[in-house]
Amino acid sequence: MDAGHYPQAVTDRHILTAVAWPYANGPRHIGHVSGFGVPSDVFSRFHRMSGDQVLMVSGTDEHGTPITVAADAEGITPRQIADRNNRVIVDDLASLGLSYDLFTRTTTANHRAVSQEIFLGLLKNGYVFPQTTLGAISPSTGRTLPDRYIEGTCPICGYDGARGDQCDNCGNQLDPIDLVNPVSRINGETPKFVEEEHYFLDLPAFTRALGDWLGTRGSWRPNVLNFSVNLLEDLKPRSYTRDIDWGVPVPLDGWRDRPDKRIYVWFDAVVGYLSASIEWARRSGDPEAWRQWWQAPDSDAYYFMGKDNIVFHSEIWPAQLLGYNGEGDKGGTPGSYGRLNLPTEVVSSEFLTMEGRKFSSSRNVVIYVRDFLSRYDADALRYFIAVAGPENQDTDFTWAEFLRRNNDELVAGWGNLVNRSVSMAAKNVGAVPTPGELTDADRALLATTSGAFDAVGDLLSRNRQKAAATEAMRVVGEANKYLSDQAPWKLKEDPDRRDTVLHTALQAIKDCNALLTPFLPHSAQQVHELLGGTGVWSAAPQVVETEDLDDGSPYPIITGAYDQAQAVWASTPLPPPGTPLAPPKPVFTKLDPSIVEEELARLEEKGTSGTDGGA
Ligand SMILES: [Zn+2]
């Protein structure tokens, strides 16, 4: 065991971190990762440090109409679009340090098989049924008009840009026939509706079971719970299959080989949480290992997303699970996997806007993760999202505020505390100093920093990440104040006292570094090394080139050896006195105020030449 490696007791608590699946029609922007990405990673890293057994899964959501629209526009296949964007998204999320145990994709053979098993389980229990419905065709060509090619006025909120499958304004799912004044996005003609057969999910059969379940979810964020409860007032059967040629085939004779019918992209995307867990288990060498997170009665499952996805996680996916378990009004028995757990909590963020405007790839009001990380550190973005992100209200990202948070808080607050303490110890002692007898001030600081794990941990366990980051930075402020008050640079004549002050400051820094590790995993590793530590403190995710377990096609996954990390959620002692310390390099980069004007100019320039069709 390394010096300074004091592993926390491992708990039996199994926690599934189910992270919303980024849609593979283009690269992701910082609004996306502020909703699903950073919050889920902070949560997972905190629980791993606490000794819990975390399984964090997601992948790219690659089916559905927008992918086929993009493929048509470029004259390539949907698979080629998906392959390209899957790789971009994998690289970006790994660069941001998001510690997925498995980040996969929905075009795997495994995902297809698991999605079909859920469909068949629902069908067997009577919660999926065939029904003749009106489907849209183009009068001029006679061909099926896919849902998202149809636009019209939302019958619920009156928004006039609603699409045939969903209203982006109110978030409700729609069918094309629901739209007021529907028109084809291809040529503006009014679609003709003809009778077709589709399969439907019997949502009304879950009104009671969903209500009972939501009735036990009092700890959710109030806006998420209220929205979810309100959805129950008027549940209608929802189309489980769609008119599209790109997606999971419907696993029934007479349907399996039809080119124009697939499972609805949203209904297969949410199954991804389960299929990714199963894929992870198969890759781990124990194909049954996923069951500890999905079937043990005392395991927990937290789902992270932006608020536009709440309906799919608090209504559609729980209904699919209840039906598969045989727990709706029609009864039934669990499918071949056995009974599956419902979400413990649906953790939804609000929206991030950009300089007062809604993020929009089509209007180029956007900064992609890749572009951001080409100019700024990942931890600077993670810090902004944690301390100033859209946790419980819509929040504006401004470059001026990003600059201020980076320079005043990360650099001048935390970075400067590390830098001046380690510099002084390196210059005067060259090693971790030997402490003498502690004074009341020394003991008070150490009580504050070691005591902060309870308060910050309590906030993190309730996903109050903004308050948790703020409290951790308040403790950093206490340590800075201690250093200014004790002024070890004035203690040349009293080296014993100087060394005691420096040792106390370095121990406080070690505690603060652990408190900040879930938020700032990259710099936490650097601070660990500056304090004389060796080995892995906070493990980084890895991009691994791999193959489909069933059909052999190549693709990249994100995974990692997170159990190698030394970081634990507790105060741990510094390396022993005498451990060499080197003069530090700055951990954070101070930004020049000119970046604000440069970035705003970039935004204006792009805002005049938008062509990208993604949202
Ligand atoms: Zn609407």
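What is the volume of the second largest cavity? The second largest cavity has a volume of about 110 Å³.

1. Basis. This is a predicted model, in which local features need pLDDT of at least 70 and side-chain atom pairs count only at pLDDT 80 or more, while totals for chains, interfaces and linings use all residues. Residues are numbered from 1 along each chain as its sequence is written, and side-chain values use heavy atoms, with hydrogens and water left out.

2. Cavities in general. A cavity is a set of points, on a 1 Å grid over the protein atoms alone, where a 1.4 Å probe fits but cannot get out; its lining residues have an atom within 4 Å of a point. Grid points are joined across faces, edges and corners, and a volume is the space filled by probe spheres set on the points. The model has three cavities of 30 Å³ or more.

3. The largest cavity. Its space is about 140 Å³. The lining of the largest cavity consists of 15 residues, and those nearest the centre are Leu 134, Asp 147, Asp 175, Pro 176 and His 198. At least two lining residues come from each of β4 (128-137), β8 (192-201) and β10 (241-243), where strands are DSSP runs of E of at least two residues and helices are runs of H or I of at least four, numbered from the N terminus. β4 gives the largest share, four residues. By class there are six nonpolar, five polar and four charged residues; Ala, Val, Leu, Ile, Met, Phe, Trp, Tyr, Cys and Pro count as nonpolar, Asp, Glu, Lys and Arg as charged, and the others, Gly among them, as polar.

4. The second largest cavity. Its lining includes Ser 34, Arg 221, Glu 391 and Gln 465. α1 (30-49) and α12 (378-388) are the elements that give two or more residues to this lining. The classes here are four nonpolar, five polar and two charged.

5. Ser 361 lies in the loop between β15 (357-358) and α11 (369-375). Ser 361 counts as buried because its relative accessible area is 3%, buried meaning under 20%, exposed over 50% and partly exposed in between (1.4 Å probe, protein chains only).

6. The zinc ion. The SG atoms of Cys 154, Cys 157, Cys 167 and Cys 170 coordinate the zinc ion at 2.3 Å. Cys 154 is buried at 2%, whereas Cys 157 is partly exposed at 33%.

Conventions. On a 1 Å grid over the protein atoms alone, a cavity is a set of points where a 1.4 Å probe fits but cannot get out, and a pocket is an open set with protein on both sides within 12 Å along at least five of seven lines; lining residues have an atom within 4 Å of a point. Donors are N, O and S atoms within 2.8 Å of the metal (3.2 Å for Na, K and Ca); water is not among the atoms, so sites may look incomplete.
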